[in-house]
Amino acid sequence: MATFPFELVSPTRLVFSGEAQQVDVPGAEGDFGVLPGHAPFISALRPGVLTIRNGADVKRYFVRGGFAEVNPEGLTVLAETAMPVEDVDREAMADAIKAAEKNVADARDEAARWKAVEAAEQLKAAAAQVSGAGAAVH
């Protein structure tokens, strides 16, 4: 099967660099899959699990913040946070969810409240994905 170059980069290191048959990315407007020859575009990321597929080999990374760029040379994901799902500190994630829920309660106006609600819900969904990352691959 055809492959394309893929890089996952965090502020502190190059997390992954190599060929991929498919990469599933948690985009701000919804998850999207990238295959060889994908049309160019840019998307913001939301917290979630990024999946790299090469045949039966599947790697999963928790990502938060940043963006993805698909271009003729491949896919690059620049993430504020990027780590293998097995390295995610579940307690730190629970603390982040609590902080996000506090932001909902502390919001000064309706627009800020809705933004805080969205951030809290995204973190909760990401925590569920991370917890289920060891489940069957679809």
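Biologist: Why is R53 called buried?
Modeller: The relative accessible area of R53 is 11%. Buried means under 20%, exposed over 50%, and partly exposed in between, with a 1.4 Å probe and protein chains only. The value for R53 falls under the 20% limit, so R53 counts as buried.

Biologist: Where do these values come from?
Modeller: This is a predicted model, so local features need pLDDT of at least 70, side-chain atom pairs count only at pLDDT 80 or more, and totals for chains, interfaces and linings use all residues. Residues are numbered from 1 along each chain as its sequence is written, and side-chain values use heavy atoms, with hydrogens and water left out.

Biologist: What makes R53 and D24 a salt bridge?
Modeller: Their side chains come to 3.0 Å, N to O. A salt bridge needs a side-chain nitrogen of Lys or Arg within 4 Å of a carboxyl oxygen of Asp or Glu. The 3.0 Å distance is within 4 Å, so the pair qualifies.

Biologist: Which parts does the pair tie together?
Modeller: R53 lies in strand β6 and D24 in strand β3, so the pair joins parts 29 residues apart in sequence. Strands (E, at least two residues) and helices (H or I, at least four) are DSSP runs, numbered from the N terminus.

Biologist: Is D24 buried or exposed?
Modeller: D24 has a relative accessible area of 18%. This value is under the limit, so D24 is buried.

Biologist: How many salt bridges does the rule give?
Modeller: The count is four. One of them joins K59 and D57, with the closest N and O atoms 2.9 Å apart. K59 is partly exposed at 31%, and D57 is partly exposed at 37%.

Biologist: What about K102 and D106?
Modeller: Their side chains also meet in a salt bridge, at 2.4 Å from N to O. The two are four residues apart in helix α1 (residues 90–106), which means a separation of about one helical turn. D106 is partly exposed, with a relative accessible area of 44%.

Biologist: How many aromatic pairs are there?
Modeller: The count is two. In F6 and F16, the ring centres are 5.7 Å apart and the planes stand at 35°.

Biologist: Why is the pair of F6 and F16 called tilted?
Modeller: Rings of Phe, Tyr and Trp (its six-membered ring) pair if their centres lie within 6.5 Å; planes under 30 degrees apart are stacked, over 60 edge-to-face, and the rest tilted. An angle of 35° belongs to the rest, so the pair is tilted. F6 sits in strand β1 (residues 4–9) and F16 in strand β2 (residues 14–20), so the pair ties together parts ten residues apart in sequence. Both F6 and F16 are buried.

Biologist: What makes the pair of F32 and F41 edge-to-face?
Modeller: The planes are 70° apart and the centres 4.9 Å apart. The angle is over 60 degrees, so the pair is edge-to-face. F32 counts as buried at 15%, whereas F41 is partly exposed at 27%.

Biologist: How do you know that R113 lies over the face of W114?
Modeller: R113 is 5.3 Å from the ring centre. The rule asks for NZ of Lys or CZ of Arg within 6 Å of the ring centre and within 35 degrees of the ring normal. The 5.3 Å distance is within 6 Å, and R113 is placed over the face.

Biologist: Which residues of the largest nonpolar core touch the most other members?
Modeller: They are F6, L8, V23, L50, L75 and V77, out of 21 residues. β1, β2, β3 (22–27), β4 (30–34), β6 (48–54), β7 (57–71) and β8 (74–84) each supply at least two residues of this core. Another core lies apart from it, with 15 residues, among them F62, I97, A127 and V130.

Biologist: What makes a set of residues a nonpolar core?
Modeller: The members are buried Ala, Val, Leu, Ile, Met, Phe, Trp, Tyr and Cys residues, joined through side-chain atoms within 4.5 Å. In soluble globular proteins, nonpolar side chains tend to be buried together.

Biologist: Why is S10 called buried?
Modeller: S10 has 9% relative accessibility, so it is under the 20% limit. S10 lies in the loop between β1 and β2.

Biologist: How do you know that the radius of gyration agrees with a compact globule?
Modeller: The radius is taken over C-alpha atoms, and the globule rule is 2.2 Å times the number of residues to the power 0.38. For 138 residues, the rule gives a value near 14 Å; the chain has 16 Å, which agrees.
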